[in-house]
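Colleague: I would like to learn how to read a few features of a model like this one. Could we go through them one at a time?

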Amino acid sequence: MAMKRNRKIGSFKEELLVKSRESMLSAVQIFNNPNIHFKSENFIILANISWMYLLHAHYRDKKIEYRYFKQTGQRKKFDKTKKGAFKFWELERCLDDNNCPIDNITKANLKFLIGLRHEIEHQMTTKIDEYLSARFQACCLNYNAFIKQLFGDSYGIDKHLSFSLQFSTIKEEHANQLRKFTDLPSNIASYINDFDDELSDDDYNNIRYSYRVLYVPKAVNRKGQADKVIEFIPANSPEAEGLNKEYVLVKEREKKKHLPGEIYEFMQANGYPRFTAYQHTLLWKERDAKNPVLGYGTQVAKTWYWYDNWLNEVKEYCKESGNFYK
């Protein structure tokens with residue numbers, strides 16, 4: 001529905017865009033500041049505001065009503081705060097509108113951050129920055145692309161940003177720790193896994209949802225060949241093919257999980273009716289299978305979940321036992 005024309009539409013739109021850009025720049029600067037520990041929470045809040053103002057500017061520019069109201073016949077009764085101010089759409093409502101110009105994968109990235117904000121707004125969180133940086137990077141790149149697409153290249157923020165420098169390298173044990181979400185609060189780990197499980201593999205691996213960069217130390221033969229910290233290579237190049245095989249080892253998506261009952265019930269349904277919960281418990285205790293180092297499963301809240309590799313171990317064990325469990 002169109003808004004009534006207003007002499008200040010242009011200036012108000014510009015103010016929205018100024019605040020939108022400053023909010024995103026502030027989010028990035030805070031996240032990259034080594035002296036700030038409240039990084040992810042600040043980023044999520046400021047990025048949310050940034051995108052909301054961007055979409056408000058778009059709807060205002062297109063003369064689309066983005067205030068809450070109730071239609072009474074031909075009249076609109078606008079919702080207002082206790083102090084009499086109009087209630088404008090929050091980001092999620094902006095994204096759900098039919099006139100929203102944002103693609104579905106970018107929406108998924110933003111809705112992930114919105115849901116995460118709901119999980120963390122009532123309690124302190126710890127050590128979530130490393131797990132979420134790929135989602136934040138995608139959010140920044142998406143924002144820069146859309147503000148230029150909707151309002152022109154001059155509004156882009158890429159010219160104001162640079163790469164953040166690191167003081168540590170990523171070792172394999174660090175990657176394993178990240179993959180298992182071992183340091184995350186259980187509600188955050190569950191939220192991330194549940195949200196990602198709803199996505200298709202194509203959407204999950206799309207850089208607009210989560211922008212992952214593979215860092216490889218580069219050796220060169222001549223000066224001047226390695227002046228850039230990050231080098232981009234085509235995905236279909238021979239170099240990328242070799243790297244992608246290794247990248248699978250540190251892919252951050254959580255593995256498929258099985259409840260304990262699913263393990264022995266699967267074995268019973270596949271020809272081993274005498275393999276019960278008791279036998280399963282004896283087996284995992286004997287092999288110390290819940291030792292995190294072995295990577296057979298993970299604990300979420302108070303529940304232990306087994307991965308596919310443990311299910312394969314149980315299959316092999318029952319097979320080697322001959323007719324004992326048949």
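Colleague: Is F136 buried or exposed?

Modeller: Keep in mind that this is a predicted model. F136 has a relative accessible area of 2%, so F136 counts as buried, the limit being under 20%. F31 is buried as well, with a relative accessible area of 18%.

Colleague: How do I read a pair of aromatic rings?

Modeller: A pair of rings is described by two values, the distance of the centres and the angle of the planes. The structure holds 22 aromatic pairs. In the pair of F31 and F136, the ring centres are 5.4 Å apart and the planes stand at 85°, so the pair is edge-to-face. F31 belongs to helix α1 (residues 9–32) and F136 to helix α5 (residues 129–151), so the pair ties together parts 105 residues apart in sequence.

Colleague: Which residues form one aromatic cluster?

Modeller: W284, Y296, W304, W306 and W310 do. The charged end of K290 sits over the ring of W284, 4.2 Å from its centre. Elsewhere, R67 lies over the face of F78, at 4.2 Å from the ring centre.

Colleague: And how do I read a sheet?

Modeller: Strands of a sheet pair through backbone hydrogen bonds, in a parallel or an antiparallel way. Here an open sheet of three strands runs in the order β3-β5-β4, with antiparallel pairing. Its edge strands, β3 (257–258) and β4 (297–300), each pair on one side only. Two bridges join β3 to β5 (residues 303–307), and H258 stands opposite W306 in β5.

Colleague: Which helix lies across β3 and β5?

Modeller: Helix α12 (residues 308–320) does, running at about 70° to β5.

Key
Residues numbered from 1 in each chain as written. Predicted model: local features only at pLDDT ≥ 70, side-chain atom pairs only at ≥ 80, totals over all residues. Heavy atoms only, no water. Pairing = 2+ DSSP bridges. Helix = DSSP H or I, 4+ residues; strand = E, 2+ residues; numbered from the N terminus. Contact = heavy atoms within 4.5 Å. Axes fitted to C-alpha atoms, helices over the stretch in contact; angles between N-to-C directions. Phe/Tyr/Trp six-rings, centres within 6.5 Å; stacked < 30°, edge-to-face > 60°. Buried < 20%, exposed > 50% of the residue type's maximum accessible area, 1.4 Å probe, protein only. Lys NZ or Arg CZ within 6 Å of the ring centre and 35° of its normal.
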